[in-house]
Amino acid sequence: MAAIITPSSLSFSIDEKQPTITNVFTISNTLDECITYKVKTTRPKRYIVRPNVGIITGKGIAEIQVVLNPKKDPPHAEEQDRFQVLCLPVKPEEADDPKTLWKSKEKTEGVTKKTLSVTFKMPSPSSPTLKKMSFSEQASNITDASVLRDRLFQVEEENARLKKQLQSMERPGIVGKEAILTLLALTVVLFAVLWKWV
């Protein structure tokens, strides 16, 4: 094999506070001549690979950074992402533009392929951060429910009071415009009370 890849797998510890998580692997050229490499992944939208193509001189080493963006494409523990590293010996005169070189050489004989698997270490549900968030969310929900219950009770009381006033207006002495205006005023009051508490 023209190259040794270390490590043979990549592990990402997912941390919700970090916008990106970086891991590194190396490609070591075992030959005396130059090799070119290309790194591909099964999830190109999830990762940024720097550099994803390049040249390694005889017995040289290249360090490859793999940047995971968990917010853009959140991973799950059971997913099986992979990277494939393609390597090919090249002549020094071919080593100027590895991107163009790979367009014509990817399916050439002599290309060696190595696969790196990916594992994800997800945050533990019992971690202090998650416990604290869960507790504060629960406390917030309890407070919100209590406030809403109080507001609902106040609106129901006001509604009952307005119904009584409406029933008292239905006596035979109130007719026409006066009854409509009184009903309209009561509706506005009810609406104002509801608006104030929502």
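**Entry 1: Thr108**

I began with Thr108, whose relative accessibility of 32% makes it count as partly exposed. The model I am reading is a predicted one. I noted that exposed would require over 50% and buried under 20%, so Thr108 at 32% falls in between. I then located Thr108 in the loop between α1 and β9. I also looked up its distance to Leu88: the two residues are 20 apart in sequence, and their C-alpha atoms lie 8.8 Å apart in space.

**Entry 2**

Strand β8 (residues 82-89) and strand β9 (residues 112-121) run antiparallel and are joined by 6 bridges. Here I found Arg82 bridged to Ser117 of β9. Strands β4 and β8 are also antiparallel, with 7 bridges, and Thr41 stands opposite Phe83 of β8. Between β4 and β6 I noted antiparallel pairing over 4 bridges, with Ile56 of β6 as the bridge partner of Ile35.

I then checked how enclosed β4 is. Of its 7 residues, 5 are buried, so β4 is largely enclosed by the rest of the structure.

**Entry 3: helix α1**

I turned to helix α1. Which of its residues are buried? I found Pro98, Leu101 and Trp102 to be buried in α1. These residues span an arc of only 100° around the axis, which puts them on the same side of α1. The face turned away from that buried side carries Lys99, Lys103 and Ser104, which are exposed. I looked up what covers the buried residues and noted that the cover includes β4, β6 and β8.

**Entry 4: the sheet of four strands**

I found another open sheet, in which 4 strands follow the order β1-β3-β7-β5 with antiparallel pairing. Strands β1 and β5 are its edge strands, each pairing on one side only. Neighbouring strands here are turned against each other by 20° on average, direction ignored. Within this sheet, β3 and β7 pair over 8 bridges in the antiparallel sense. One example I wrote down is Asn23, whose bridge partner in β7 is Val66.

**Entry 5: the nonpolar cores**

I asked which residues touch the most other members of the largest nonpolar core. This core has 25 residues, and the answer is Phe12, Phe25, Ile27 and Phe83. At least two residues of the core come from each of β1 (3-6), β2, β3 (21-29), β4, β5 (47-50), β7 (61-68), β8 and β9. Strand β7 gives the largest share, 4 residues.

Leaving out residues up to four places away in sequence, its contacts include Ala3, Ile5, Tyr37, Ile56, Ile64, Val85 and Cys87. I also noted a second, separate core of 5 residues, with Val53, Leu88, Trp102 and Val111 among them.

**Entry 6: the aromatic rings**

Lastly I looked up the aromatic pairs, of which the count is 3. Phe12 and Tyr47 form a tilted pair, with 5.9 Å from centre to centre and 45° between the planes. Phe12 belongs to strand β2 and Tyr47 to strand β5, so this pair ties together parts that are 35 residues apart in sequence. I checked the accessibility of both residues: Phe12 counts as buried at 1%, and Tyr47 counts as buried at 5%.

Tyr47 also forms a pair with Phe83, and this pair is edge-to-face: the centres are 4.9 Å apart and the planes make 65°. Distant parts of the chain are linked here, since Tyr47 lies in strand β5 and Phe83 in strand β8, 36 residues apart. Both Tyr47 and Phe83 are buried.

Conventions
Residues are numbered from 1 along each chain as its sequence is written. This is a predicted model: local features need pLDDT of at least 70, side-chain atom pairs count only at pLDDT 80 or more; totals for chains, interfaces and linings use all residues. Side-chain values use heavy atoms; hydrogens and water are left out. Two strands pair if DSSP finds at least two bridges between them. A nonpolar core is a set of buried Ala, Val, Leu, Ile, Met, Phe, Trp, Tyr and Cys residues joined through side-chain atoms within 4.5 Å. Buried means under 20% relative accessible area, exposed over 50%, partly exposed in between (1.4 Å probe, protein chains only). Contact means heavy atoms within 4.5 Å. Axes are lines fitted to C-alpha atoms, for helices over the stretch in contact, and angles run from 0 to 180 degrees between N-to-C directions. The arc is that of the directions from the helix axis to the C-beta atoms. Rings of Phe, Tyr and Trp (its six-membered ring) pair if their centres lie within 6.5 Å; planes under 30 degrees apart count as stacked, over 60 as edge-to-face and the rest as tilted.
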